[in-house]
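Me: I would like to learn how to read aromatic pairs and overall shape in a model. Please take me through it step by step.

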Amino acid sequence: MIKEVIFDIDNTIYDYDRGHVEGMRRMGDYVQEHFQIPREIFEMEYKEIMKEITERLGTDNAAIHSRSLRIQNFLERRSLPLFPHVRTLYRIYWGSLIKASQGEPGAAACMKELREMGISVGIGTDMTAMMQYEKLEAYGFAPYISHMVSSQEAGVEKPHKDFMELCIRKAGVLPEECLFVGDSFGKDVCGSGAAGMHPVWYNPKGKARPEEIAAPEKGYGEIRHFDQLIPYIKAELE
């Protein structure tokens with residue numbers, strides 16, 4: 001019996017990709033206006049800096065997601081002033097992203113129904129924590145969330161077993177009583193499956209399963225819309 005459903009955030013319960021494009025566009029406009037650096041040059045260097053930070057910090061470090069670190073390093077590379085531009089660009093990016101995106105259809109209603117069924121709702125996300133709180137509030141998910149695990153708190157990124165074990169510990173139930181929903185087959189599906197949870201792949205575009213990634217031994221569910229999640233739980237797991 002499922003007692004807890006844990007959701008990923010980015011590209012699972014809201015459309016990160018659409019917001020990211022807008023956030024990058026708006027940052028590029030700012031850089032072009034204030035520093036006369038073409039947007040495409042800014043975006044190229046920004047990607048280079050992302051790679052440099054990841055190589056320096058390693059992949060199991062939530063700081064690799066920090067937009068403020070990326071912006072700071074871009075300005076330092078160009079010998080440009082940090083103040084007030086790090087803070088301004090950071091706010092431009094996230095503000096534009098949140099405004100341009102929206103919650104996935106049916107996701108909030110699904111969480112509400114889960115709570116009405118007596119099933120608690122948690123979050124398991126790779127990212128620094130505070131911005132994830134802002135997204136959850138902005139898209140209407142906040143009233144349904146009981147607890148959250150971010151990679152900043154766990155000290156490792158998904159699919160690391162320590163991340164998944166912290167999710168289970170916070171839920172306060174057995175692994176087999178947890179269901180984990182996410183868009184990443186490798187991180188969300190395989191990571192939660194290896195920890196003994198019931199994985200569900202949120203795959204709205206009907207992508208093919210990555211052939212290079214082995215599926216969890218005990219299998220997984222797949223949904224393309226959040227209207228399908230509760231019927232799946234009732235049909236397959238009760």
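Me: Let me start with one side chain: is Tyr 14 buried or exposed?

Reply: Buried means under 20% relative accessible area, exposed over 50%, and partly exposed in between, using a 1.4 Å probe and protein chains only. Tyr 14 has 1% relative accessibility, so it counts as buried. Tyr 139 is also classed as buried, because its value is 13%. Keep in mind that this is a predicted model, where local features need pLDDT of at least 70, side-chain atom pairs count only at pLDDT 80 or more, and totals for chains, interfaces and linings use all residues. Residues are numbered from 1 along each chain as its sequence is written, and side-chain values use heavy atoms, leaving out hydrogens and water.

Me: How many aromatic pairs does a search of the whole structure find?

Reply: A pair of aromatic rings is described by the distance of the centres and the angle of the planes. Rings of Phe, Tyr and Trp (its six-membered ring) pair if their centres lie within 6.5 Å; planes under 30 degrees apart are stacked, over 60 edge-to-face, and the rest tilted. The search of the whole structure gives eight such pairs. One of them is Tyr 14 with Tyr 139, stacked at 5.1 Å centre to centre with 20° between the planes. This pair links distant parts of the chain, 125 residues apart: Tyr 14 is in the loop between β1 (4-7) and α1 (16-35), and Tyr 139 in the loop between α6 (129-138) and β3 (147-150).

Me: What kind of aromatic pair do Phe 185 and Trp 201 form?

Reply: Theirs is edge-to-face, with 5.1 Å between centres and 75° between the planes. Phe 185 lies in helix α9 (residues 185-194) and Trp 201 in strand β5 (residues 198-202), 16 residues apart. Both of these residues are buried. Elsewhere, Phe 7, Tyr 202 and Phe 226 make up one aromatic cluster.

Me: How many helices and strands does the chain have?

Reply: Helices (H or I, at least four residues) and strands (E, at least two) are DSSP runs, numbered from the N terminus. The chain has 10 helices and six strands. Its radius of gyration is 19 Å, close to the 18 Å from the globule rule for 238 residues, so the chain is as compact as a globular protein of that length. That radius is taken over C-alpha atoms, and the rule is 2.2 Å times the number of residues to the power 0.38. The C-alpha trace spans about 60 × 30 × 30 Å along its principal axes.

Me: What share of the 238 residues in the chain is buried?

Reply: Buried residues make up 47% of them.
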